[in-house]
Amino acid sequence: MRTARMSQIVSSGQVYVVSSGQTDTDDVVLAGGTEAVSAGGTTDVTTLSFGGIEIVSSGGAASGTVLLNGSDEYLSSGGSANGTVVNYNAGLYIRGGSAGGGAWWAIGVKGSVRGFVAGRRNGTP
């Protein structure tokens, strides 16, 4: 059985964990806050503000994440991200995970996607 939670706000210094069987919608991660999506956990339309971080572990899933200026999403091997929006100076870091649906860049801005293999950068588009 999945547990649905709505609109969590993750503040500076906080680490909020989306656990197995849990689905979060419309979370907001503020500067200095971290949202960790564990195996079996799911997020939908999370917004990361400047300095916010989302970590998607193996078996976790993030859909529709919006990365604003200076925020980062880390996708571990076995994790999935679908429809991520990467805005100016934001980063989507992939270590063998799946970014299904692609990553979308806001018009006229310069976000980045970086792949890591054994801790090394694997290129940028």
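These are my notebook entries on a predicted model of one protein chain.

**Ground rules**

I number residues from 1 along each chain as its sequence is written. The model is predicted, so I kept to pLDDT of at least 70 for local features and 80 or more for side-chain atom pairs, while totals for chains, interfaces and linings use all residues, and side-chain values use heavy atoms, with hydrogens and water left out.

**Entry 1: confidence**

I looked up pLDDT, the predictor's confidence in each residue, from 0 to 100. The mean for the protein chain is 77, and 72% of its residues reach 70 or more. Over residues 101-112 the pLDDT is below 50, although this stretch has 33 contacts in the model beyond near neighbours in sequence; a contact means heavy atoms within 4.5 Å. Residues 114-125 also have pLDDT below 50, with 24 contacts counted in that way. Where pLDDT is low, the predicted coordinates should not be read in detail. I left both stretches there.

**Entry 2: the chain as a whole**

I found zero helices and 18 strands in the protein chain. Helices (H or I, at least four residues) and strands (E, at least two) are DSSP runs, numbered from the N terminus. Of the 125 residues, 37% count as buried; buried means under 20% relative accessible area, exposed over 50%, and partly exposed in between, with a 1.4 Å probe and protein chains only. The chain exposes about 6,200 Å², and carbon and sulfur atoms supply 56% of that area. The areas come from the Shrake-Rupley method with a 1.4 Å probe, and for residues only the protein chains shown count as cover. Among contacts between residues at least 6 apart in sequence, 6% join residues at least 24 apart.

**Entry 3: the largest nonpolar core**

Which residues touch the most other members of the largest nonpolar core? I noted V56, L67, L75, V86 and L92, out of 15 residues in that core. Strand 3 (15-18) and strand 15 (91-94) are the elements that give two or more residues to the core. Such a core is a set of buried Ala, Val, Leu, Ile, Met, Phe, Trp, Tyr and Cys residues joined through side-chain atoms within 4.5 Å. I then followed L67, not counting residues up to four places away in sequence: among the residues that L67 touches are L48, D72, V86 and L92.

**Entry 4: two buried loop residues**

I looked at D27, in the loop between strand 4 (22-25) and strand 5 (28-29). D27 counts as buried because its relative accessibility is 0%. A polar atom of the D27 side chain lies 2.9 Å from the backbone nitrogen of Q8. My cut-off for a polar contact is a pair of N or O atoms within 3.5 Å; within protein, one must be able to donate a hydrogen and the other to accept it, and residues adjacent in sequence count only if both atoms are side-chain atoms. Beyond four places in sequence, the contacts of D27 include S7, Y16, E35 and V45.

S71 sits in the loop between strand 11 (66-67) and strand 12. S71 also has 0% relative accessibility and therefore counts as buried. The backbone oxygen of L48 is 3.4 Å from a polar atom of the S71 side chain. Contacts of S71 beyond four places in sequence include G51, G52, N89 and G91.

Is L68 buried or partly exposed? I have L68 as partly exposed, with a relative accessible area of 33%. L68 is in the loop between strand 11 and strand 12. Its C-alpha is 6.1 Å from that of F50, 18 residues away in sequence.

V10 lies in strand 2 (residues 9-10) and counts as buried at 1% relative accessibility. From V10 to G32 I have 8.7 Å, C-alpha to C-alpha, across 22 residues of sequence. V10 is in contact with Y16, V28 and L30, among others beyond four places in sequence.

**Entry 5: the aromatic pair**

I found one aromatic pair in the structure. The ring centres of Y74 and Y93 are 4.9 Å apart and the planes are at 15°, so the pair is stacked. Rings of Phe, Tyr and Trp (its six-membered ring) pair if their centres lie within 6.5 Å; planes under 30 degrees apart count as stacked, over 60 as edge-to-face and the rest as tilted. Y74 lies in strand 12 (residues 72-75) and Y93 in strand 15, so the pair ties together parts that are 19 residues apart in sequence. Y74 counts as partly exposed at 33% relative accessibility, whereas Y93 counts as buried at 17%.
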